[in-house]
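Here are my notes from going through this one; keep the viewer open and follow along point by point.

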Amino acid sequence: MAETIFSYARLVEFTKAIFIKIGCSEADADIATKVLLSADLRGVDSHGVARLTGYVRLWEAKRANTQPNIRIIHETPSTAVVDGDGGLGLVVAPFAMQVAIDKAKQVGTGWVSVQNSNHFGIAGYHAMMALQQDMIGIAMTNASPLVAPTFSVERLLGTNPICVAIPAGEEPAFVADLATTTAANGKLEILQRKSKETPSGWVQDKNGQPSTNPHELKSGGALLPLGGDREHGSHKGYALGAVVDIFSAVLSGANYGPWVPPFPAYVPMPTEMPGNGIGHFFGAMRVDAFRPADDFKFHMDKWIRRFRSATPVAGEEKVLIPGDPEREMETSRLQEGIPLLDVVAEDLTSLGQKFGVTL
């Protein structure tokens, strides 16, 4: 499928202008833009500027508050619950992660659960905020129910990603950012745009049978937990997704399981919702709360170099460290630009015309 290259600077200018048009303050528009486009830079195209229209539609449906009063509603020296006031998760999440970092500065670790938020982009951006402070960052969020637990035909969990970012010394940071499903829903959207089938183990139909149709969710099918099926460990992916749901929502007072609000604004909201909005969970751990930071980073370098030096299987060039592909992609795209499928560029152009902003 054809694509067009856009510079990072051009997409920043366009995206920020759109966020301001829907009522965001200058500061909130700036952070929302950085979070959203961090996905495109890191090659996670499913969660980047292609979703800008989706956020605008949430605002139009009065399901996203672009002028939120984000606040702490309960706290201890090392923990907090943040109410996002229905704000864009792209703004709420960095606020909450900073609370976790500030608490870690004071007492060694900080843990923050969030209610009343919306989709927060990629988990990696938030977890990586801790790296510059010589801290380990953790970020996770629940999401709208598209995933069937092992042995279920019902969709009860979201893709529920987890990111853990760990600082190193001379080596780049270790950044593991992953959905707890075999594939994120955004990957299906990309395959739909390219008119391609899914690999086996990604989705099942409404009867619980394996499928390779990227449109299966529209017919009552479901995404599958990490592992794909019981024989390949889907019960482990199910358990991980459940942990994210509980930490993010049962702990904070957000909605959980099948009651999590859907991202597409045209999908009806669940009934009898038990909480407020979408939930997130963040952690920050000061490395020197465990051992001297320089010692830790020296040994992280040693760990990373040993794994990098592992003998690759035939046909593969090297063994990767979590975060390597995204870091290399970011370097490339900052220099060469960000490719957008023409269907995405056309969608953004239409969005811009609606608000008087040129792509």
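Predicted model: local features only at pLDDT ≥ 70, side-chain atom pairs only at ≥ 80, totals over all residues.

1. How many bridges join β3 to β4, and do these strands run parallel or antiparallel? Five bridges join the two, and β3 and β4 run parallel.

2. Seven strands make up an open sheet, in the order β2-β3-β4-β11-β5-β6-β7, and the pairing is mixed. At the edges you'll find β2 (71–75) and β7 (174–178); each has a single partner strand, so one side of each has no neighbour in the sheet. On average, neighbouring strands here are turned by 15 degrees against each other, direction ignored.

3. β2 and β3 form a hairpin, with three residues between them. The two strands run antiparallel and are joined by four bridges. Look for E75, which stands opposite A80 in β3.

4. Back to β4, this time with its other neighbour. Strand β4 (residues 109–117) pairs with strand β11 (residues 278–286) in the antiparallel sense, over seven bridges. One spot to check is S113, whose bridge partner in β11 is F281. So is β4 mostly covered or mostly open? Mostly covered: eight of its nine residues are buried, and buried here means under 20% relative accessible area.

5. Which helix lies across this part of the sheet? That's α4 (residues 89–107), which lies across β2, β3 (79–83), β4, β5 (135–141) and β11. Against β11, helix α4 runs at about 30 degrees.

6. There is another sheet to find. Three strands form an open sheet in the order β9-β8-β10, with antiparallel pairing. β9 (210–211) and β10 (222–223) are at its edges, each with a single partner strand, so one side of each is left without a neighbour in the sheet. Strand β8 (residues 203–204) is joined to β9 by two bridges, the strands running antiparallel. In that pair, V203 has S211 in β9 as its bridge partner.

7. What do the buried residues of α6 pack against? They pack against β8 and β10. In helix α6 (residues 185–194), the buried residues are N185, G186, L188, I190 and L191. Just after α6, have a look at S195, which takes a positive phi of about 55 degrees.

8. About 40 Å³ of space lies in the largest cavity. Its lining is made of V147, L157, G158, T180, T181, P225, G237, Y238 and G241. Sorted by class, the lining of the largest cavity has four nonpolar residues, five polar ones and no charged ones.

9. Last stop: P268, in the loop between α7 (234–250) and β11. Is P268 buried or exposed? Exposed, because its relative accessibility is 67% and the cut-off for exposed is over 50%. For a sense of distance, P268 and I321 are 53 residues apart along the chain, and their C-alpha atoms are separated by 41 Å.

Notes. Residues numbered from 1 in each chain as written. Heavy atoms only, no water. 1 Å grid on protein atoms, 1.4 Å probe; cavity = no way out; pocket = protein on both sides within 12 Å on 5 of 7 lines; lining within 4 Å. Points joined across faces, edges and corners; volume = space filled by probe spheres on them. Nonpolar A, V, L, I, M, F, W, Y, C, P; charged D, E, K, R; others polar. Pairing = 2+ DSSP bridges. Axes fitted to C-alpha atoms, helices over the stretch in contact; angles between N-to-C directions. Contact = heavy atoms within 4.5 Å. Buried < 20%, exposed > 50% of the residue type's maximum accessible area, 1.4 Å probe, protein only.
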